[in-house]
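Keep the structure open while reading.

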Amino acid sequence: MTQAVLERPTHAAGGVARPAETAGEEEAVFVTLTLADQLCGVPVLSVRDILGQQSITRIPLAPPEIAGSLNLRGRIVTAIDLRQRLRLPPAPPDTVPMSVVAEQRGELYALLVDQVSEVLSLPASSFERNPPTLPPVWAAHSAGIYRLKERLMVVLDVARLLAITADRP
Amino acid sequence: MDDLLADFLTETSESLAELDVALVKLEQTPDDHATLSQIFRLVHTIKGTCGFLGLPRLERVAHAGENVLGKLRDRQLSATPGIITAILAGLDRIKAIVGGLAETGEEPAGDDTALIAALNEAAAGRAHAPAAATPEPPAAPEPPAVEESPKPAPAAAPAALPAAAPAASAAPAEAAEPAVAGQTIRVGVDVLEHLMTLVSELVLTRNQLLQLARSQENAALAVPLQRLSHITSDLQEGVMKTRMQPISNAWNKLPRLVRDLSHELSKKIELVMIGADTELDRQVLELIKDPLTHMVRNSGDHGLETPAERQAAGKSETGRITLNAFHEGGHIIIEIADDGRGLPLDRIRAKILKQGLASEAELAAMSENEVQRFIFHAGFSTASVVTAVSGRGVGMDVVKTNIERIGGTIELKSVAGQGTTFTIKIPLTLAIVSALIVQSGGERFAIPQISVVELVHAQAGAADGQSAIERINETPVLRLRDRLLPLVALNDLLRLNGETASVSAEAPRYIVVVQVGANTLGIIVDRVFDTEEIVVKPVAPILRHLTLFSGNTILGDGSVIMILDPNGIARAAGIGAVGESRQIAGAAVEAASSGEKTAMLLFRAGGSEPKAVPLGLVARLEDIPRDRIELASGGLVTQYRGKLMPLVAMDGGASDSERQSVLVFSDRGRAMGLMVEEIVDVVDAELSIQLSATRPGVLGTAVVAGRATDVIDIGFWLTQAFEDWFRGAEDGASVAAARVLVVEDSAFFRQLLVPTLTAAGYRATAVGSAAAALKLRDAGQRFEAIVSDIEMPDMDGFAFVRTLRAGGIWSALPMIALSGRAGAEDVEAGRDAGFTDYVVKFERDALLTSLRQCLAQPVAA
């Protein structure tokens, strides 16, 4: 298992090389991130960019999950507050949010998280489906769980995270 | 040359080039189905277009070729070199004819029988290589001959209106020549769109750079930056130009449409098109095509009168529709004018009331233009005047929505008898707009400059009163040059009430006055910055439901900013079609009767709240001295015109003062008096009653002259005076027990008509719709007469009477129409539809007289 800390935003998924020594077993590569101390992962292929703190324009009257919009090299990106989305308490004031940019149907979305850490290449054998006891909010947005050595990593389903409907309270 | 023909030639030349390649490919791989289909399609298109353009020679050749290709495609033949040669020969002939067409605009003469025969042979499967090869060269290169001259048909279409389109026909003619000469290339729209996006980005970057340079005094940068700026502007202009098309492209179909229209409607219509070469963005052009067509159709159908009507009005027989397009300060103005009858104000007013879009009082306070603008209201169909031509579901509201969607506005001006003019103002392009940047609640927003009228600096609590925000019950308004301007605070609207809200109540405010349709509206903001050219980008799909924003953009400093949609703001603030008059309209009620107003008598009886009764039901108002009221057989009576009239007191109606106000209701020699405290007023009001059956003697509550008013139930009070009021009338009436069906959609009028009719001795049955009435008919119920409202939803009175007269057990019944208006025309229309008589609502006596006459007729006959 190799780790590669992201120093600067990677442009495309191809920028992250698969580690060579893990021959044989099928692996999946994830960008890991932290949300209220929970380790989560997003498939690296669905990540377009990783951003540090950005100035975000609030959008009045928008659903609470929508933190606002930001300018990513001339493109307007809608920022989604994942803590809000997953009904987690607001981040402590000293956190400097980072974001993971994903694309859906030609639109860019920035998922605001507490911390983006590393890119992990994980063997399929350590994948598990969601335990049935997972809280509904998590179950609805998780594609499964990876067993890491010390912790568990929740695989976030980006498409479902972005399926925000206007009528949600 | 006709520009349709020019288009055809360009297209055909391209197709032919493709065909050559494809056919050669086919020869090498005879079984390639995809290539075969492609060839067949190309030839088929050529043939089809020929037929459309009236090119018989070309069509015959293409048709023969298509036959062979069809067989090949269906695998009835296989592509032998012989067959391919025959087809290629056919293609050469097509090329020759197309060449001749390009030169002269007419098909060259020539004999194709041999070629066609060879192709037919091939189609029949008897193709031999030599047979197919023979007819190749002889007739093709023949010089274009004039004497045969099968003139292309489309040239005749514009020619039908020669005077109509001088500018229109001239412009495309010039444009058409180079198109054939190969001076234009066809570029995919997506390529242009991409270029446009890039240029937009470039403009943004340039703006960003300029902003940076302004803050840093760097002389070395200034000059190249200036140059960059200029080039960017030029580039932007150049790219915009590639997207520009003359508006005549949107007008092309109109002469034909008007021609058909004039035949269909038997009207004489002249179409005048001015400024056909005015250019506008392709995208905008596409979006206004349909609205324009619709409006021209409307003008021809509704606007213009028949030749007879025009002559009677002292106008020339030929009606004129004028289209005028021109540039005006970054916008394109398109006027669609007709010299017809103008908008029917009365009809519109009636419809407004009917649909409950405004009350009588609001209507009375509206200017003519405000009333006219209701035709843009969603669902405001002029259904009673629908013809086969107009009113097919694309209403003016759709036109307005379409135009607003591209950031445009639509205005109308109509003068009765002189015509109607619609003025459309649309931006030149959708991509880049000028916007005013404002700040509210710590956030910046852009407001499109097109809708900004002016900026006002206002101070809450300013002493001079001129530019102070005043409040009516917490609703802010601004006095602006003798008008009250409704205001919305952006902070409140966008729920931006942060910590700044309480402070800013005292702080100076800026008001952006915007024009939304015919309404003006002030938007209160905290600060106003500069105007900036912005590139409108659509918001993310998950934000599309926010109607207050029309898009978002990136400013020169790189920050993202939301673009406010003034239309959305007006809607959110409740300023819609009804307009500002709703905000300003006072309690003043104009007494002039028009439309569907009903005269209501307002009085008080017990309590301060007014009560009302339709004036038509009241026979007289009397003021009786106290001492003339006597007690007889357990009830109050007074001597009235030589008879004893029973008096009934409403709760609190009997006063202790010297004189007593009495409303007298009378019927066939019997009268009763209703004692009330005070007679207040007579007002014309629209009646929309919320029925409540809780209190006896009260029909329900309506808003009359701006106040909630109890409308009393006369039927109840009549029985209070004479328990036998209804029975008594029955006994004495000659028309005893005649059964009358009342068809009336308003619950209020039903409640009123039934007691009235019952009181007059009829057995009245009331239903709420024509459909319900027809159900009764089909159930075999019998009546002696029918009283029907005219304006009802779904099926109106006219349709109802026609249905009845068409057959069934009620076809010969007397039918009386009830309507708000009974002008000579209305009566005429009513009788034409099959009504026996036509009575104004609430003319109680008239109704009863009419009923008596109607019922007497069959007896007399």
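**Helix H12 of chain B**

In H12(B), the buried residues are Leu254(B), Pro255(B), Val258(B) and Leu261(B). They sit on the same side of H12(B), because they cover an arc of only 125 degrees around the axis. An α-helix has 3.6 residues a turn, so residues three or four places apart point the same way. The model is predicted.

- H12(B) spans residues 254–265, which makes 12 residues.
- From first C-alpha to last, H12(B) reaches 16 Å, close to the 16 Å expected at 1.5 Å a residue.
- Ser266(B) follows H12(B) and has a positive phi, near 50 degrees.

**Helix H15 of chain B**

- H15(B) covers residues 345–354.
- Its buried residues are Ile348(B), Arg349(B), Ala350(B), Lys351(B), Ile352(B) and Leu353(B).
- Helix H16 (360–364) and helix H17 (368–372) of chain B are among the elements that cover the buried residues of H15(B).
- Gly356(B) follows H15(B), and the phi of Gly356(B) is positive, near 65 degrees.

**Contact between chains A and B**

- Chain A gives 17 residues to the contact, and chain B gives 21 residues.
- On the side of chain A that touches chain B, strand S5 (66–72) and strand S6 (75–81) of chain A each supply at least two residues.
- S5(A) provides the largest share of that side, 4 residues.
- By class, the side of chain A that touches chain B holds 9 nonpolar, 6 polar and 2 charged residues.

Notes: Residues are numbered from 1 along each chain as its sequence is written. Chains are lettered from A and ligands numbered from 1 in the order in which they are written. This is a predicted model: local features need pLDDT of at least 70, side-chain atom pairs count only at pLDDT 80 or more; totals for chains, interfaces and linings use all residues. The expected span of a helix is 1.5 Å times one less than its number of residues. A residue is buried if 20 or more other C-beta atoms lie within 10 Å of its own, exposed if 12 or fewer, and partly exposed in between; C-beta atoms are placed from the backbone. The arc is that of the directions from the helix axis to the C-beta atoms. Two residues are in contact if their C-beta atoms, placed from the backbone, lie within 7 Å. Ala, Val, Leu, Ile, Met, Phe, Trp, Tyr, Cys and Pro count as nonpolar, Asp, Glu, Lys and Arg as charged, and the others, Gly among them, as polar.
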